[in-house]
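Here is a short tour of a two-chain model, moving from one residue to the contact and then to a whole chain. Have the viewer open as you read.

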Amino acid sequence: MANTKLLMTFPVTETSHTLAEYRARGGYGALEKALRQMTPQEVVAEVTASGIQGRGGAAFPMGRKWAVVHPNDGQSHYLCANADEGEPGTFKDRWILEYAPHLLLESMLIASYALQVRNAFIYIRGEFDLPYRRLAAALEEAYAAGYFGERILGTDFACDLVIYRGAGSYVCGEASALITSIEGKRGYPRNRPPRLTVRGLYQKPTVINNVETLSNVAWIITNGGEAFKQVGTAKDPGTRLISISGHIERPGVYEIEIGYPFAKFIDEDCGGILGGRALKGIIPGGISTKVLTGKEIEPLTLDNQSLAAAGSSMGSGGMIVIAEGTCMVRLLQVLLRFYHHESCGQCTPCREGMGWLHRIIDRIVVGEGRAGDIERMYQISAWNDGTTICGMGDAAGYATSGILNKFRDEFEYFIEHKRSRCNGTLECPKSS
Amino acid sequence: MPEIFINGHSIQAERGQSVLQAALAHGFYIPYFCWHPKLSVAGNCRICCVQVEGRSWVEIACNMPVAEGLRVLTDSDTVKAYRKSIMQLMTLNHPVDCGICDKAGECKLQDYHYKYNGAPSISRDAKVRSTKFHALSERIVLDNERCILCSRCVRFTSEISKSNALGIIQRGDASLVRAAEDRPLDADPYSDNIIDLCPVGALLSRPFLYKARVWYLKPTPSVCPGCARGCTVQIWHRKQEWKLNALDPRQNVSIERVTPLENPHVNGPWICNKGRDLAQIFERPRATQAMQKGKPVDLPSAIESARHLIESAGHPVALVSSWGSNEELGALKHALPGRFAAFTKHDWTPQPGERLDDDLLIRADKNPNTATACALFPRQDDGASAIAEDTDLVLVWGEGFDFVRIPVGAKIIFLNAYLQPENGHADVFIPISIQTERRGHYTNFQGVVSAFAPCFPKKASVADAETLFAAIAATESARA
């Protein structure tokens with residue numbers, strides 16, 4: 001496979017994120033093209049034709065989300081980029097925010113033009129310091145160059161953008177909690193219906209897309225939806241940014257063409273497992289996707305269809321590699337501590353269930369596990385499946401049941417012998 | 001009018017309704033904690049789940065709009081199993097201390113536990129500990145361990161009373177309902193409604209704390225006399241069969257608490273805090289002894305003296321109570337001889353610090369029946385003296401009139417229920433009954449008539465104004 005790249009197309013240097021260098025690479029050409037040669041409807045049609053799916057985790061087709069908004073229905077519309085990248089193991093949007101902030105800004109301008117959005121927002125997580133400074137500096141440059149404000153590029157199109165910094169809550173990465181947070185309220189997710197594209201930010205139709213998804217828009221407009229469709233697989237076109245961490249030789253952010261062989265990506269691109277160990281498992285797309293064992297990934301390719309067939313998904317593209325010798329009980333403890341800490345506490349199954357799961361796994365780890373604990377964890381996961389306001393309850397349930405399904409014997413061993421079958425740590429020292 | 005099907009039965013729902021509203025309106029019960037007809041939909045308790053026919057999962061009914069042909073099941077096996085799981089989660093960290101909880105007996109969590117779960121907790125892990133007896137305001141204590149975070153109280157203060165006094169802090173199972181730092185809940189005159197709204201025993205009334213088990217109490221429908229709104233209330237007092245023999249017998253005839261009596265025409269489901277504190281009005285020291293010039297006499301001779309004074313008066317004036325019931329005011333109008341000049345007076349005026357009026361319930365007129373009184377008798381003109389100089393008899397009914405305004409030499413007949421210094425200054429003083437001892441009606445400022453019923457027996461030495469007027473105003477010839 002050719003492994004085409006659409007986003008990481010330039011060498012990263014000290015100044016590659018600036019407006020000058022972005023323009024030297026042809027930046028803001030897509031905006032010129034959209035504003036001067038295309039109607040908003042044509043932009044939407046082009047994006048729909050590209051078949052691009054959301055990169056935030058749910059893989060919802062971007063064109064279908066945009067199609068719900070009617071630009072000329074007489075109300076205000078809002079566009080919001082979700083840069084609250086909080087899924088553990090995921091740091092791919094950070095690459096765009098740090099090294100290609102103008103790519104996001106240009107794409108958001110095009111999207112705002114397509115949807116006739118006057119005010120756009122970027123919700124960036126509070127912990128992102130350098131990305132925020134880069135993004136804020138880029139926005140200032142863009143305003144100074146006349147890409148934002150009134151009469152952009154001499155046309156009638158006007159758009160303003162506000163960067164809103166979150167305060168570090170995981171749930172605020174959920175679209176409805178995110179807009180509630182922008183409104184200045186407690187970041188609770190909202191019940192659907194109504195969908196956010198019907199009634200979202202300030203009760204107006206709102207489109208919320210992931211940073212990576214939006215950043216593809218500039219390329220799609222420059223090269224056309226059909227050209228985008230040629231990249232990746234037929235059902236899942238384009239490329240994915242994969243952030244890989246854990247027990248891997250070369251962790252970092254990689255751009256792969258969708259459909260790239262999984263094993264090849266791990267062994268060749270990322271240099272294999274840390275210390276040359278065997279692969280125990282991989283969490284493929286952020287901790288809310290189900291874990292895959294080393295054997296399972298052998299025949300897989302990196303696309304949603306392939307991973308879905310294996311019972312998992314590409315999720316947010318945050319891969320966590322787990323080498324042989326890692327204690328999965330401890331691993332689940334870390335995950336459940338996270339979910340317990342981040343549950344917003346709004347609806348009952350997640351508020352009570354996350355704490356309960358965490359108390360059970362804590363008990364197992366200190367050697368006070370009991371018969372029936374594993375069944376209880378399955379049961380609590382099932383109670384959260386599809387029954388909560390947002391997807392967090394489901395996600396925690398998938399993570400729990402995914403690990404329990406594949407490593408149940410380790411949990412049984414831990415409960416019976418009051419110690420880990422592995423060496424009990426999560427670290428994987430490099431073999432000397 | 002979309003037609004929907006609940007458990008296979010066709011019902012005509014109204015457009016814009018949720019499935020929960022439509023089901024309740026047609027007699028299909030769906031349990032709910034966080035939903036309330038007057039508050040926005042929060043959808044956080046998840047107990048109102050129903051199943052759409054053909055789907056394998058459950059959805060919440062409070063946020064499901066009705067749609068033509070929608071078919072939902074409220075009691076399928078999936079729904080029952082899910083409700084049971086929600087009840088397990090609800091009681092996971094709930095202390096289940098019903099034995100010492102004031103809410104026991106009228107608690108949704110308790111009722112639903114027996115109705116939808118019934119099984120003991122399947123958890124063997126320690127419960128999450130939290131704050132007990134947190135003083136949310138001067139009037140309300142909060143038990144965070146009992147709280148199920150339904151957010152009804154938070155939504156009430158932001159949507160109905162608009163004090164924005166409450167919010168939720170922290171996250172997950174550590175979430176806590178808390179008042180804002182400058183404690184605006186103390187200034188919210190509707191704060192006690194959150195005690196009724198609380199589906200569990202988390203929010204408790206400090207005056208009512210540990211005073212009685214609710215099943216020993218009986219509610220009597222009544223009307224709040226605190227202002228011209230005339231909110232319908234329930235006065236809770238001890239049931240006769242549960243009367244206390246060993247303790248202070250006054251507890252058997254005292255107001256234990258006051259709650260709203262839902263009334264869509266007047267107050268909806270709310271009342272203000274003044275209505276909760278009716279005991280402060282009705283349980284002031286009572287006058288029970290008829291007097292002449294401060295000397296105790298029996299009731300019949302006081303009535304006889306009053307009748308003589310009225311017969312012999314040349315220019316009598318009557319000052320009519322705006323706290324009288326429609327029946328009493330009618331009786332006075334009927335009995336009063338034509339030579340009387342009668343005026344309606346304001347028995348109560350706003351107290352210092354009391355909210356004067358607002359858009360929700362509270363009215364500036366702090367008397368319950370000014371409407372009927374003014375319809376029968378002209379309002380007292382506060383600017384000029386209503387009492388002419390040649391007045392030789394003044395009949396004062398009720399509180400709130402300064403005797404200094406009565407011309408020197410004029411005789412005074414005073415009808416009052418409470419122990420006050422003026423009682424002894426009157427030529428004839430007759431103690432009268434209060435609202436909790438008789439039956440009657442008030443007409444509020446909108447013209448809505450509400451009824452009140454007696455809670456306690458009236459003492460024999462106290463007169464009922466309705467019969468008293470006929471007795472004192474009757475002339476000799478009329479009686480003969």
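## Around B:A364

B:A364 sits in the loop of chain B that runs between β17 (341-345) and α10 (370-376); helices (H or I, at least four residues) and strands (E, at least two) are DSSP runs, numbered from the N terminus. Because B:A364 has 13 C-beta neighbours inside 10 Å, it is classed as partly exposed. On that scale, buried takes 20 or more other C-beta atoms within 10 Å of the residue's own, exposed 12 or fewer, and partly exposed lies in between, with C-beta atoms placed from the backbone.

Leaving aside residues up to four places away in sequence, B:A364 touches B:P350, B:L356 and B:D357, where contact means C-beta atoms, placed from the backbone, within 7 Å. B:S301 lies 63 residues from B:A364 along the chain, and their C-alpha atoms are 40 Å apart.

## How the model is read

This is a predicted model: local features need pLDDT of at least 70, side-chain atom pairs count only at pLDDT 80 or more, and totals for chains, interfaces and linings use all residues. Residues are numbered from 1 along each chain as its sequence is written, while chains are lettered from A and ligands numbered from 1 in the order in which they are written.

## Where the chains meet

Chain A brings 24 residues to the contact and chain B brings 25. Helix α15 (residues 348-365) of chain A gives the largest share of chain A's side, 11 residues.

## Chain A overall

Chain A holds 17 helices and 11 strands. Its C-alpha atoms fill a box of roughly 75 × 45 × 35 Å along the principal axes. Of its 432 residues, 55% are buried.

Technical notes:
Contact = placed C-beta atoms within 7 Å.
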